[in-house]
Amino acid sequence: MKELNLSPGAISEPEMIPTRFGYGDGLVELGRINPSVVVLGADLSSSLCVDRFRDAFPERFIQTGIAEQDMMSFAAGLSLAGKIPFVSTYGVFCTGRAWDQLRTTVAYANLNVKVGSGHGGVSVGADGATHQALEDVSITRTIPNVTVIVPADYQETLKATIAAASIRGPVVIRFGREKVPVITTRETPFTAGKAEVYREGKDVTVAACGQMVYESLVAAEILSSEGISARIINCHTVKPIDSETLIRAAKETGAVVTAEEHQVMGGFGSAVAEVLCQNYPVPMKMVGIQDTFGQSGDPDDLMAEYGLKAGNIVKAALEAVRMKKG
Amino acid sequence: MEEARLRHLKSMALAIRQDIVRMVAEAGSGHPGGSLSVADIVSVLFFDVMKHDPSNPCWEERDRFILSKGHACPAVYAALAEGGYFPREELLTLRKFGARLQGHPDMCKLPGLEASTGSLGQGLSIASGIAMAMKMDKKNNRVYCLMGDGELDEGQIWEAAMTASHYRLDNLCGIVDRNGLQIDGCTDDVKTLEPLSDKWRAFGWNVIEVDGHSIEDISAGLNRFRHSHFKPTVIIGHTIKGKGVSFMENQAGWHGKAPSPEQTRAALLELSQEVI
Ligand SMILES: Cc1ncc(C[n+]2csc(CCOP(=O)(O)OP(=O)(O)O)c2C)c(N)n1
Ligand SMILES: [Mg+2]
């Protein structure tokens, strides 16, 4: 197995950093190496951490005000003139309100526009349901030409942001608000479109994206103490999905659980199911939001309330293993 | 304007109108009304004002034209073909299976198109983005964006209007085809647009009103745009929807409908009798 260089204390005592910091820092690194990169903000510059880019490269930062539709089509125009624009705002706004702009103006023409989609998931916390993007992956991954990446932690968000500039065409990078465990390091491999096996296992596979990768690794520890060997896959790129790694896992473990901080309908779990049911059907369980809105609260309490903790993954894995035997 | 140039632009506008009627008739569907109303504006832009090179559609130094009201693409396809971007015969493939001339513009298929449009309300933002990039790169290319008047119902137009004036995009020229009609009827019955010039002025734009069927007037307006500074310009072109084909003129019903074979013959006959 190749060297993963995961963070040593990743599970026991992880360092905690918000993924959005990775977006902000990734943009600053990109700004240094690529003069074509420009960043657009819609009055949420510090929340999206794009103030870091704005302060480093003021002449390449464009404020459109609270006008997300204009921002998306404006970015299309910038890309038509050779820039690599990163539009940045909360997921509900940049993928929801500006969906038609993303679909018809950006994606139809395969324009080189990148979408920094923040505040993904219920872990947004106190702002409540209006600000918790739970449908963004579903509604962007169904648009042709669009790449959708849901990085697991700070380091991976930083790498995904830098990688996005080298992918030709629209890329959505989905990240969150709150501090989450940093499980990878600068040296951990990241290739867009390539899922990584973070832990080998033979009884069941847990494929996860975003901060659910951490929860899955914790779940694997618990499962192991119960005699179940779980394979953990970090499937950060939801589209194009790494079918090969998923099909191999289904063949070798015979049961699959998906874990996402997003609606299971149409989201990452659905994407995995689309691959497996057509290639190698095995019992599946989906951990994620079950057709409901979020609410205000402490992020950790919300994760528990909506069934997004390691314990929920353990339960789903045990059920999937049982289904395989039945 | 010198006589020969005026005659040339008028004859190109006429050729565009004839092409529009033939194309939409052959396709059996499409949007004749709003295509005919922009024929004169498109003629002046493509055959006089804009820097572009049909033999090199991606020429870096070209001016850019965004058709925000994408449904009027027959007018632009006609101008591109008459200008030599592709063979005129291809015009008759409009809206057919496998055609590069899609029902609404697809920039990936047809050279000469600068954006894929058809979802109304987005063109001015796209054009502003291009104009902004030109400013950032210290280039002096100009960007033109043709909008419908009904299209101005879209909130995004006014978001773009604020953004463009905020960034003083004086290399950007919006053109409104003020034909007074949209699908459900008169623009001011559907939703009050007037006082339209005041609205644009209030948004920080330089406003020029022209007769959208007078080649001289359109040229003069575009010339004033090229000499204005610090503000984006909008040219409000007063037009007649369906212009040139009397039974289509001022009829909301001819927004999105193809003429029958008899109607097509009558329309082409009328256009052929136009005196230039
Ligand atoms: C976002 C969007 N909504 C609705 C339509 C359907 N539609 C096509 S043309 C049109 C009317 C446009 O009126 P106007 O802008 O005045 O065009 P013109 O009169 O120049 O043809 C409508 C509603 C569309 N293409 N895009
Ligand atoms: Mg109109």
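Predicted model: local features only at pLDDT ≥ 70, side-chain atom pairs only at ≥ 80, totals over all residues.
Chain A comes first. It splits into domain 1, covering 17-181, and domain 2, covering 196-325. Taken over C-alpha atoms, the centres of these two domains of chain A sit 26 Å apart. Where they meet, domain 1 of chain A puts in 27 residues and domain 2 of chain A puts in 30 residues. On the domain 1 side, at least two residues each come from α6 (136-141), β6 (147-149), α7 (154-164) and β8 (179-181) of chain A. Sorted by class, that side of domain 1 of chain A has 14 nonpolar, nine polar and four charged residues.

Now for the sheets of chain A. One is an open sheet of seven strands, in the order β3-β2-β4-β5-β7-β6-β12, and its pairing is mixed. The edges belong to β3 (61-63) and β12 (237-239) of chain A; each has a single partner strand, so one side of each is left without a neighbour in the sheet. On average, and ignoring direction, neighbouring strands here are turned by 20° against each other. Within this sheet, β4 (residues 84-90) and β5 (residues 114-118) of chain A run parallel and are joined by five bridges. To pick out one pairing, A:Thr89 has A:Ser117 in β5(A) as its bridge partner.

Helices pack against this sheet too. Helix α1 (residues 19-33) of chain A touches β2 (37-41), β4, β5 and β7 (171-174) of chain A, and its direction makes about 145° with that of β2(A). Helix α3(A) lies across β2 and β4 of chain A, running at about 170° to β4(A).

The other sheet described here is also open, with five strands in the order β9-β11-β10-β13-β14 (chain A) and mixed pairing. Its edge strands are β9 (196-199) and β14 (284-289) of chain A, each of which pairs on one side only. Here neighbouring strands are turned by 25° against each other on average, again with direction ignored. Strand β9(A) runs antiparallel to β11 (residues 230-234) of chain A, and three bridges join the two. In that pairing, A:Arg199 finds its bridge partner in A:Ile232 of β11(A).

As for helices on the five-stranded sheet, α8 (residues 212-225) of chain A packs on it and touches β9, β10 (204-208), β11 and β13 (256-263) of chain A. The direction of α8 of chain A makes about 170° with that of β11(A). Helix α12 (residues 310-325) of chain A packs on this sheet as well, touching β10, β11, β13 and β14 of chain A. Its direction makes about 160° with that of β14(A).

Turning to the contact between the chains, 23 residues of chain A meet 22 residues of chain B. On the chain A side, the elements that supply two or more residues are α3 (68-80) and α5 (99-107) of chain A. The biggest giver is α3(A), with nine residues.

The crossing of α1(B) past α3(B) is right-handed. From α1(B) come B:Arg5, B:His8, B:Leu9, B:Met12, B:Ala13, B:Ile16 and B:Arg17, which meet B:Ala39, B:Asp40, B:Val42, B:Ser43, B:Val44, B:Phe47 and B:Asp48 of α3(B). In class terms, this helix contact has eight nonpolar, two polar and four charged residues.

Most residues other than glycine have a negative phi, and most peptide bonds are trans. Against that background, A:Lys239 and A:Pro240 are joined by a cis peptide bond, with omega of about -5°. A:Pro240 sits in the loop between β12 and α9 (243-253) of chain A. Chain B has a cis peptide bond between B:Glu194 and B:Pro195, with omega of about 0°. Here B:Pro195 falls in the loop between α7 (187-190) and α8 (196-202) of chain B. Finally, A:Asp43 is not a glycine, yet it has a positive phi of about 65°. This residue, A:Asp43, is found in the loop between β2 and α2 (51-56) of chain A.

Methods. Residues numbered from 1 in each chain as written. Chains lettered and ligands numbered in written order. Left-handed = near helix turned anticlockwise from the far one by under 90°. Helix = DSSP H or I, 4+ residues; strand = E, 2+ residues; numbered from the N terminus. Contact = placed C-beta atoms within 7 Å. Nonpolar A, V, L, I, M, F, W, Y, C, P; charged D, E, K, R; others polar. Domains from an automatic or database assignment. Pairing = 2+ DSSP bridges. Axes fitted to C-alpha atoms, helices over the stretch in contact; angles between N-to-C directions.
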